[in-house]
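Hello,

Here is the structure you asked to look at. My notes follow below it.

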Amino acid sequence: GPPAQARMLDLLHQWVEVLRACPKPVIAAVEGAAAGAGFSLALACDLIVASDEARFILSHAKLGLTPDGGATWQLLRALPRSTVQQMVWLAEPATAGQLHQSGLVQALCAPGRALVEAVALGERLARMAPNALAGGKELLNEAATRTLTQQLEAERDQFLRNLFHANGGEGLQAALAKRAPKFV
């Protein structure tokens with residue numbers, strides 16, 4: 001009934017919020033179809049790696065339903081409203097290539113390679129300073145709700161926090177010594 005379904009939706013929505021709040025970058029690897037809540041979960045990730053054959057669809061309208069999992073919130077921040085309306089109302093699938101052109105999908109790869117490419121991207125990110133990644137993610141997540149002045153203050157605070165973090169010192173020393181940094 002409705003109370004049980006509401007609990008299920010609340011769990012999905014909590015999952016979406018956890019993905020967004022995670023201080024580390026979260027990468028989705030998409031093969032095949034990301035439909036409905038699967039599309040919403042991919043959108044909740046920070047980066048999407050998709051095979052050339054991947055399709056993304058908000059299939060809800062074909063079922064007499066409306067989107068869930070924050071899909072409309074995410075899509076309206078990344079795509080023109082008219083494009084999102086087509087996706088929501090007509091349940092038309094978007095190709096990985098289309099979403100890559102719009103910047104929603106960060107990397108395209110051959111079929112069967114999305115997970116391998118996502119892991120490789122994760123390994124590149126793992127070489128970066130985790131505090132700087134977390135601070136950058138926080139700045140990006142909050143930017144849309146802040147004024148320019150508020151964002152400038154937040155950037156100043158993050159910069160200073162990271163400048164005086166051990167990784168800030170290591171990064172600067174490594175750059176001066178022309179060597180790869182060893183972040184903690």
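This is a predicted model: local features need pLDDT of at least 70, side-chain atom pairs count only at pLDDT 80 or more; totals for chains, interfaces and linings use all residues.

The lining of the second largest pocket has ten nonpolar and eight polar residues, and no charged ones. The space in this second largest pocket comes to about 340 Å³. It has 18 lining residues, and A132, F159, N162, L163 and G168 lie nearest its centre. At least two lining residues come from each of α7, α8 (148–163) and α9 (166–177), and α7 gives the most, with six.

The largest pocket has a volume of about 750 Å³. Its lining counts 26 residues, and those closest to the centre are R20, C45, D46, L140 and N141. Two or more lining residues come from each of α2, β3 (47–51), α3 (71–76) and α7 (130–143). Here too α7 has the largest share, seven residues. By class, this lining has 14 nonpolar, seven polar and five charged residues.

C22 sits in the loop between α1 (2–21) and β1 (27–30).

Last, the aromatic rings. The structure holds one aromatic pair. F39 and F56 form this pair, which is tilted, with 5.3 Å centre to centre and 55° between the planes. F39 is in helix α2 (residues 37–44) and F56 in strand β4 (residues 55–57), 17 residues apart, and the pair links these distant parts of the chain. Both F39 and F56 are buried.

Regards

How values were computed:
Residues are numbered from 1 along each chain as its sequence is written. Side-chain values use heavy atoms; hydrogens and water are left out. Rings of Phe, Tyr and Trp (its six-membered ring) pair if their centres lie within 6.5 Å; planes under 30 degrees apart count as stacked, over 60 as edge-to-face and the rest as tilted. Helices (H or I, at least four residues) and strands (E, at least two) are DSSP runs, numbered from the N terminus. Buried means under 20% relative accessible area, exposed over 50%, partly exposed in between (1.4 Å probe, protein chains only). On a 1 Å grid over the protein atoms alone, a cavity is a set of points where a 1.4 Å probe fits but cannot get out, and a pocket is an open set with protein on both sides within 12 Å along at least five of seven lines; lining residues have an atom within 4 Å of a point. Grid points are joined across faces, edges and corners, and a volume is the space filled by probe spheres set on the points. Ala, Val, Leu, Ile, Met, Phe, Trp, Tyr, Cys and Pro count as nonpolar, Asp, Glu, Lys and Arg as charged, and the others, Gly among them, as polar.
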